[in-house]
Amino acid sequence: MLIVEHSTDEPQDMDSFLLQIEQKAYRMALMSVNQHADAIDLLQDSMLKLVVNYAHKPPQEWKPLFYRILQNRIRDWHRQQKVKQLLFFWKANNHPDDATEEWSSYVGDAKELPDNRLDASQQQDTALKGLAELSEKQRQCFLLRSWEGMSVADTADIMGCSQGSVKTHYFRAVHKLRSVLEDAHDITI
Amino acid sequence: MTLQSKSGTVEQQINARLDQANAALPESVKQDIGAARLNAQAKALALTQKRTTVRNWHFTLPATFTSVGVALAVVVLVSYKQTPLIPVLPAELLTLDVPLKDLALLEDLEFADWLAEQQEVLL
């Protein structure tokens, strides 16, 4: 007999579920699109699609479904950007450092913090910069597997690739992040 | 304080940093995220209601069309009267040569009938 165990902190209603995942989902979207407004739009669209189309599904299926929707929306967003760049190629990107500004603006102002918090803030900054240096696939894979705690099968399903690819992306992501952290803090992890 | 002393693996360290970054999100960003959630739920509710209305129409429209169609058919069938057809003359009558003698007799009979009618009118 198959016994399915569910974690006790799993939300049973849609409101709690959305409340639980909203910040992580926003962070993932922000890391992919680098713009606050676009990240908010993607988040809202994904939530809307989940509620309209999948609210009737069992609560334990909501998380993989939501992240699959979000990843698809992010992919669509990148495609739209490519098309826009092709159509309006003469409009140069005036602020190539926008991404860095967006990322750093949500980390906090390190200068105003005490020394012990300054160190933590710098480490946080390094970690986020490390993530920014990863490829899109590697970052998605790392965030879903490590931060969201999804299984390899679920991650593969969300990303639309094989489980072997997920393992490879994850391994490379961890390897890169380790080297970034080691370089930044001159230590061995 | 080193990274190694704080936690074990790279994954744990990055996760902790990400959680810290989320906790330190500016209030305006948190409000935007909350607003996005509320907007999504409100839009979803409106969309679901709209879909229900359309679905109801899908159910009622065929029923309406069927009942109207049946009613029209009944009205047409009930009001339809078969027009009485002119009886076809028998072919024998058409081909039959009526003798002239009979025709003269028929004319006399018609004249006598007319005459009788005239006399009745005069009286």
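Buried here means under 20% relative accessible area, exposed means over 50%, and partly exposed covers what lies in between (1.4 Å probe, protein chains only). The structure is a predicted model, in which local features need pLDDT of at least 70 and side-chain atom pairs count only at pLDDT 80 or more, while totals for chains, interfaces and linings use all residues. Residues are numbered from 1 along each chain as its sequence is written, chains are lettered from A and ligands numbered from 1 in the order in which they are written, and side-chain values use heavy atoms, with hydrogens and water left out.

In α2(B), the buried residues are Val10(B), Gln13(B), Ile14(B), Asn15(B), Arg17(B), Leu18(B), Ala21(B) and Asn22(B). An α-helix has 3.6 residues a turn, so residues three or four places apart point the same way. Helix α2 of chain B takes in residues 10-23, and at 1.5 Å a residue its 14 residues should span 20 Å, which agrees with the 20 Å between its end C-alpha atoms; the expected span is 1.5 Å times one less than the number of residues.

Chain A has eight helices and zero strands, with helices (H or I, at least four residues) and strands (E, at least two) taken as DSSP runs numbered from the N terminus. Of its 189 residues, 41% are buried. The accessible surface of chain A is about 10600 Å², with 50% of that belonging to carbon and sulfur atoms; areas come from the Shrake-Rupley method with a 1.4 Å probe, and for residues only the protein chains shown count as cover. As for contacts (heavy atoms within 4.5 Å), 64% of those in chain A between residues at least 6 apart in sequence join residues at least 24 apart.

His169(A) belongs to helix α8 (residues 163-185) and is buried, at 18% relative accessible area. Beyond its neighbours within four places in sequence, His169(A) touches Lys137(A), Gln138(A), Cys141(A) and Met159(A). Asp41(A), in helix α2 (residues 36-54) of chain A, counts as partly exposed because its relative accessibility is 44%. From Asp41(A) to Tyr26(A) is 15 residues in sequence and 9.7 Å in space, C-alpha to C-alpha.

Then there are the rings. Over all chains, the search turns up five aromatic pairs; rings of Phe, Tyr and Trp (its six-membered ring) pair if their centres lie within 6.5 Å, and planes under 30 degrees apart count as stacked, over 60 as edge-to-face and the rest as tilted. Phe17(A), Trp62(A), Phe66(A) and Tyr67(A) are linked by ring pairs into a cluster. Elsewhere, the charged end of Arg145(A) sits over the ring of Tyr170(A), 5.4 Å from its centre, where the criterion is NZ of Lys or CZ of Arg within 6 Å of the ring centre and within 35 degrees of the ring normal.
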